[in-house]
Amino acid sequence: VVVKRCRRRSKGDAPQRGRRPAARASRAPAWARRGGPGPWVFGGPGRASSLRPLDPGGAVCPCARLAARAKSNRSEIMAPNTHPADGGGDAAAAAAKKERDAAAAANGDDRYLKVLSDCVNHRMESFYRDLGEKIADRPKTTIIIVLFLTVCFGLGWMRLQVEERSEKLYTPQDSEAMDDRDWVRDNFDTGARFVRLYYIADDSANFLDDRNAIRDLFTFYEDVNGTAVNDGGLQDICLRVANGQCMTESVLGYWQYDRDTFEADADWVGTLSAIDIADGFVFSGTLEVDDVMGTYARDGTGRLTSLRALRMTWMIEENLVKDGLSESDPVAEDFEEDFYDYTNDFDPTADGDMHSETDWRFNAVISEAFDFDALLSAVSYTLLTIYACVVMSTNNWVHSRSVLGLVAVGTVGCSIVSGFGFCLAIGVPFSLVVNSVVFVMLGLGVDDAFVIMDALGAITDPDMAVRTKLGRALARAGASITLTSLTDFAAFLVGSSTIIPALRAFCIFASVTILFDFMYQVTLFIAFLKLDEDRIIAKGSDCCCCCAPCCHGCVADPEVACCSKEKNFKAGDERNSLVRRAVTVWLPDFILTTHGKVIVLLAATALLCTGAVGITKLELDFQYEWFVPEGTDVDEVLDIQEDYFAGRPTPVSFYTGDVDYFTYRDSLTDFCTAIEENSDVDAASVRCWYQSFEEETGNAGSNAATEAAFYSAIETYVNGQGARFDDQLVWNDDNTKLVATEIPASLTDTDSTEQDLDAMDSVRNTADEFPELDAIAFSFPFVFFEGLAIVYEETIRNVLLALVVVFIVALIFLADLSAALIVLINIAVVDVCLLGFIHWFGMHINMVIAINVLLAIGLTVDYSAHIAHAYMHTSGTRDERARKALEHIGVSVFNGGATTFIATLALAFARTYVFQVFFRCFVLIVLFGQFFGVIVLPVVLSLVGPTVSYYKEDPDRDSGKYELVSGKSKQRVFDQYNSNSESKANAVDAVQDESKDKES
């Protein structure tokens, strides 16, 4: 293949096609002259995949000789050591052979990995070389095709529907909570939602100083229950108590919601000081003080002396209507919006402020915050475009490539359009969490463009044809970007097997978009790169030279430098930037010294230990209230709940199914008693319909002689004094038998999510003790608790699967077990540090964090894999190879980390919990990924890195000539190669006989 490519060179540099000289054909193969064993090649009669030795007596073509050479365990295919003309060639060959044999014995079965890696890398190089050359031939056609595909896949956006239901995002759909929720919705058509008013006194005010605060409440109550709010819409949707009035909870119940009674009460403070009075407007029939008053004080007699907070609550029906992927109650939301506006417009007469709490406002604030955060992607695009343009520009109007920075970011945009469109077309649900994939792609996508540009910049021959240059640049960069893209794709694809819907959708969108970005970078970006190369040849001006603002009269002259003391511009000077010197010179000069290695390893150990300690302290927690942006009116209401009313208790309901209630009526009594005795249930909050039925009817249920009499007594009760329980009982079609019942209650206060999970298990265990009643315990927060309960399990599972996939891909491309293991350990250490520092940064483990932990693998594998791949394809000692790896790919890796950080920098201003967490995690991922990938990994490789090297001097790289040896030997071989056809052939053989390169 090498000889064949050599023949494709320009006529002045390569031998003409034709038969080789007879003298050349008569020479014995190099391996035969050394007396070594014959090389092995694939194939043989009847065995397509068998190994057989080359026939020593047969004619060996150059391709076969090179293939045989690649099969051997040498470090380089063409790495000359001593030219035969210098003498000592036989000794050098013997020493090289001995070294190869020792390496083969040490590596054992690694030779099979080498064969596989050679096959993969060789085919990829050939493919990318041909692809680059073909795109260079038809750049405009390529651009049109890619843009056409982008438009076609972008049509999938027409199916865009945002999934906003939390239970559809953060809970396994086959969980017990989801099954219970569906059963409750099927049997109990009407849900309930709260509408609350908070009346908070000013700092120095006391609502007991006068009657104005209570009068304000009466005015507000009368307006809401009248026509002043929503044209009396409350009367159509409120839940009612036995007396037919809307269910309300307020201190007004002390005067039975009658203003005249209050005004006639001379000792109204004394009346208000009573505890837990009877109130027919309350569902339970008893008004509890702590539910309606906050931050109050009493004297020794129990009389109130100060009161700073009042709360009034209405309960209204909830009838959800499905609209696409979302569910809403338009009637209730319309009333709640008017209630919110009325509260804001109300002018209280007492010294205090009024605040409203409604589900409509809660969801509206969260939606507004997500809309704002979505706009931050435009800011990220702008920042990343500026950075990419600056990195690719120089102080010369001709050689500057700033326009390619815009192209690189635009290519990422096309991949996002195509990837998202494809996923939407096949029905993958889109959520606001998925929107963060945009920031991931902005960080990952441009990285490939930097690697390609770095490979192009390494080609220094100014006379090389653009077609050839692009082919060789893409061939050089192709294996590296394929390795990282494939590992990213595989890691996210494996993550899509999770049972958490939001994480699954995120991984699917990410993996598909990464695949599109990879394909577009090696096609669309290369096409624009070809056009830019043509511009440089034509001495056209870059559209955005970085020095334009300070340059006076800059002209498109390739030899004139702008804004520089040195007016002469030299091609390649842009590769001596501050960042490049820092990464390729100053950094290795420090970390690859003895002291530097010690400092780096100590720092890495300290970070690892800190992360490990943090993991042991990590707590499980997830609160839906975290989605509320700080500083909003809803956030203020949440603070009021915590400060004045000790938060909101978690409601829970116990349900019984379609059973024979007459037969199991004693079990109903026992069930209610077991609920009250459960330590995780607030006994005072239990509202058992059957207990009340028995108490208020004189045990009519127990005394019923027949089933018909039993159900008749219950029906009579709920149609009369037990009307408050009407919504808790579900009858069959002819109202002759109960098919489901509900017993509402509340959980006791908890201090952590772990306690919430324990409480959920506790009430479920209570329900499971009564299988004859087909009992279940359900609360809507259980839907989220179910997701939290499996976060640890799912996170560990997804991380392990992703690491296994990354290891397999790295093993194939790196063709070395130790190198793949080092990369694997490096990525695992980054995840350990990330999880540990999540605790130190005040965050908790939950579904959002689980996404970021998996994301860390996809991001950090780029940093580690690039360095390891470069290390495996360099020669020299371990220290030298570590240095060369940084010189070859270090700047691109640094720029990749910089683009990821810049892409997420706008999230620092995010208003929602999801994006705030993403920003913090992204910062940690970039810092740890860069530190362990660019600093720690080279040190580790310099100490325990693989000794085997797959380095080869590619005759098609760089200047386009064979990079053989240094000094006089190099010049002599070139002179000999160019003298005549026979000496050219001898020179090639001489090069192939040499065993080791004197310099990289």
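The structure is a predicted model, in which local features need pLDDT of at least 70 and side-chain atom pairs count only at pLDDT 80 or more, while totals for chains, interfaces and linings use all residues. Residues are numbered from 1 along each chain as its sequence is written, and side-chain values use heavy atoms, with hydrogens and water left out. The protein chain contains 36 helices and 15 strands; helices (H or I, at least four residues) and strands (E, at least two) are DSSP runs, numbered from the N terminus.

**Overall make-up**

- Of the 1000 residues in the protein chain, 55% are buried. Buried means under 20% relative accessible area, exposed means over 50%, and partly exposed lies in between (1.4 Å probe, protein chains only).
- The protein chain exposes about 42000 Å², and carbon and sulfur atoms supply 55% of that area. Accessible areas come from the Shrake-Rupley method with a 1.4 Å probe; for residues, only the protein chains shown count as cover.
- Among contacts in the protein chain with a separation of 6 or more, 78% are between residues 24 or more positions apart. A contact means heavy atoms within 4.5 Å.

**Surface patches**

- Patches are made of residues with over 30% relative accessible area and no salt bridge; like charges are joined within 9 Å, and nonpolar side chains (Val, Leu, Ile, Met, Phe, Trp, Tyr) within 5 Å.
- V379, L383, F901 and L905 make a nonpolar surface patch of about 270 Å². Helices α15 (359-391) and α33 (878-905) each supply at least two residues of this nonpolar patch.
- L383 belongs to helix α15 and is partly exposed, its relative accessible area being 32%.
- A negative surface patch is formed by residues including D202, D203, D351, E630 and E642. In the charge assignment, Lys and Arg count as positive and Asp and Glu as negative, whereas His and the chain ends are not counted. The place of a charge is taken as NZ of Lys, CZ of Arg, CG of Asp or CD of Glu.
- Helix α23 (residues 633-644) gives the most to the negative patch, contributing four residues. E642 lies in helix α23 and is exposed, with a relative accessible area of 54%.

**Salt bridges**

- Side chains of opposite charge can pair when their charged atoms come close.
- The whole structure holds 23 salt bridges, each defined as a side-chain nitrogen of Lys or Arg within 4 Å of a carboxyl oxygen of Asp or Glu.
- E222 and R259 meet through their side chains in a salt bridge (3.2 Å, N to O). This pair links distant parts of the chain, with E222 in helix α9 (residues 212-225) and R259 in helix α11 (residues 259-264), 37 residues apart. E222 is partly exposed at 39% relative accessible area, and R259 is partly exposed at 23%.
- E533 and R401 form a salt bridge between their side chains (2.3 Å, N to O). E533 lies in helix α20 (residues 524-537) and R401 in the loop between α15 and α16 (402-425), so the pair ties together parts that are 132 residues apart in sequence. E533 is buried, with a relative accessible area of 4%, and R401 is buried, with 13%.
- A salt bridge also joins the side chains of E794 and R797 (3.8 Å, N to O). These two residues are separated by about one helical turn because they are three residues apart in helix α30 (residues 791-814). E794 is buried at 5% relative accessible area, whereas R797 is partly exposed at 30%.
- Salt bridges that share partners join R401, K469, D532, E533 and R535 into one network.

**Selected residues**

- R308 is located in strand β8 (residues 304-318) and counts as buried, at 17% relative accessibility.
- The C-alpha atoms of R308 and T295 are 5.7 Å apart, and the two residues are 13 residues apart along the chain.
- Leaving aside residues up to four places away in sequence, R308 touches several residues, among them Y199, D202, D203, F207, T295 and Y644.
- V403 is placed in helix α16 and is partly exposed, with a relative accessible area of 26%. V403 and D532 are 129 residues apart in sequence, and their C-alpha atoms are 8.4 Å apart in space.
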